[in-house]
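Please open the model in your viewer and keep the selection tool at hand. The tour below goes from one selection to the next and says what is there at each stop.

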Amino acid sequence: MTYLLPPLNALRAFEAAARHLSFKQAAHELHVTAGAISQQVRLLEERLGVQLFERRTRQVVLTSAGETYLAQVRKAFRRLAEATAELKPEGVTSLLHIGLHASFALDGLRARLAQFRRAEPQLGIRISQPAGLHELLEGKVDVVITDRVQRYPGYKCEPLENGFLIAPLGTADCPEIEALRSCLLGDAGPARSAPPRAALVVGRPSPARRPSKPFFSA
């Protein structure tokens with residue numbers, strides 16, 4: 001069965017804005033601009049064909065449709081979080097899914113990734129190759145490492161020693177990605193005492209559709 005779902009980033013923007021009843025506060029929580037939240041919500045409204053918020057001078061208020069949708073979205077997020085927590089290996093608090101461009105040599109990263117695992121033993125790593133911007137836009141991976149600059153609204157492309165790291169603006173500065181960035185740049189500190197490390201998993205990402213519109217606007 002194929003599920004017709006709106007983009008996850010749009011749902012995150014809607015849920016945060018509905019919880020705060022403020023695009024500005026939602027933007028602060030997700031580390032994006034208020035304009036990006038507004039655009040995400042508007043794209044979601046266009047996708048659904050209903051108005052979720054009533055825009056007033058200094059605040060936003062949920063419409064009746066928005067209130068109904070919010071309750072279901074929160075239930076879905078809670079179930080996803082619970083299901084994800086159940087799948088995590090023992091001793092692993094979170095999982096970082098890294099996409100590698102088809103032309104990027106994994107062998108050249110193995111030493112740095114091993115260093116990353118020593119520095120962050122509580123963080124599980126999964127590698128998918130080939131994976132690129134399309135998979136990142138679809139939420140198939142959390143970050144992408146590529147050998148050339150790729151720009152897209154709402155996504156951050158940062159130089160590495162031998163490539164570029166691309167991540168959504170909303171998560172580019174989260175601790176897990178900051179730690180990965182530091183290791184890839186050779187700045188990782190000594191390993192911390194923590195539970196046993198999770199295995200490095202290498203596989204192929206699920207097929208992804210090319211989005212018709214950007215998820216975030218810079």
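Begin by selecting Leu21, which is partly exposed, with a relative accessible area of 37%; in this tour buried means under 20% relative accessible area, exposed means over 50%, and partly exposed lies in between, computed with a 1.4 Å probe on protein chains only. The model is a predicted one, in which local features need pLDDT of at least 70 and side-chain atom pairs count only at pLDDT 80 or more, while totals for chains, interfaces and linings use all residues. Residues are numbered from 1 along each chain as its sequence is written, and side-chain values use heavy atoms, with hydrogens and water left out.

Leu21 is found in the loop between α1 (8-20) and α2 (23-30), where helices (H or I, at least four residues) and strands (E, at least two) are DSSP runs numbered from the N terminus. Although Leu21 is not a glycine, it has a positive phi of about 50°. Leaving aside residues up to four places away in sequence, Leu21 touches Val60, Val61 and Leu62, contact being heavy atoms within 4.5 Å.

The axes of α1 and α2 come within 8 Å and cross at roughly 125°, the axes being lines fitted to C-alpha atoms, for helices over the stretch in contact, with angles from 0 to 180 degrees between N-to-C directions. That angle makes α1 oblique to α2, since angles under 35 degrees count as roughly parallel, over 145 as roughly antiparallel, 65 to 115 as roughly perpendicular and the rest as oblique. To see the contact, show Arg12, Ala13, Ala16, Ala17, Arg19 and His20 of α1 together with Phe23, Gln25, Ala26, Glu29 and Leu30 of α2. By class, this contact of α1 with α2 has 6 nonpolar, 2 polar and 3 charged residues, where Ala, Val, Leu, Ile, Met, Phe, Trp, Tyr, Cys and Pro count as nonpolar, Asp, Glu, Lys and Arg as charged, and the others, Gly among them, as polar.

Stay with α2 and ask which of its residues are buried. They are Phe23, Ala26, Ala27 and Leu30. These residues cover an arc of only 100° around the axis, which puts them on the same side of α2; the arc is that of the directions from the helix axis to the C-beta atoms. On the other side of α2, Lys24 and His28 are exposed. What covers the buried residues of α2 includes α1, α3 (34-48), β1 (53-55) and β2 (60-62).

Then move to α5 (residues 110-119) and α7 (residues 175-184), which pack at an angle of about 135° with their axes 9 Å apart. That makes α5 oblique to α7. In this pair, Arg112, Leu113, Gln115 and Phe116 of α5 meet Glu176, Ala179, Leu180, Cys183 and Leu184 of α7. The contact of α5 with α7 has 6 nonpolar, 1 polar and 2 charged residues.

For another stop, select Gln129 and Pro130, whose peptide bond is cis, with omega near 5°. Pro130 is found in the loop between β4 (123-128) and α6 (133-137).

Finally, show the whole protein, which has 7 helices and 8 strands. Of its 218 residues, 41% count as buried.
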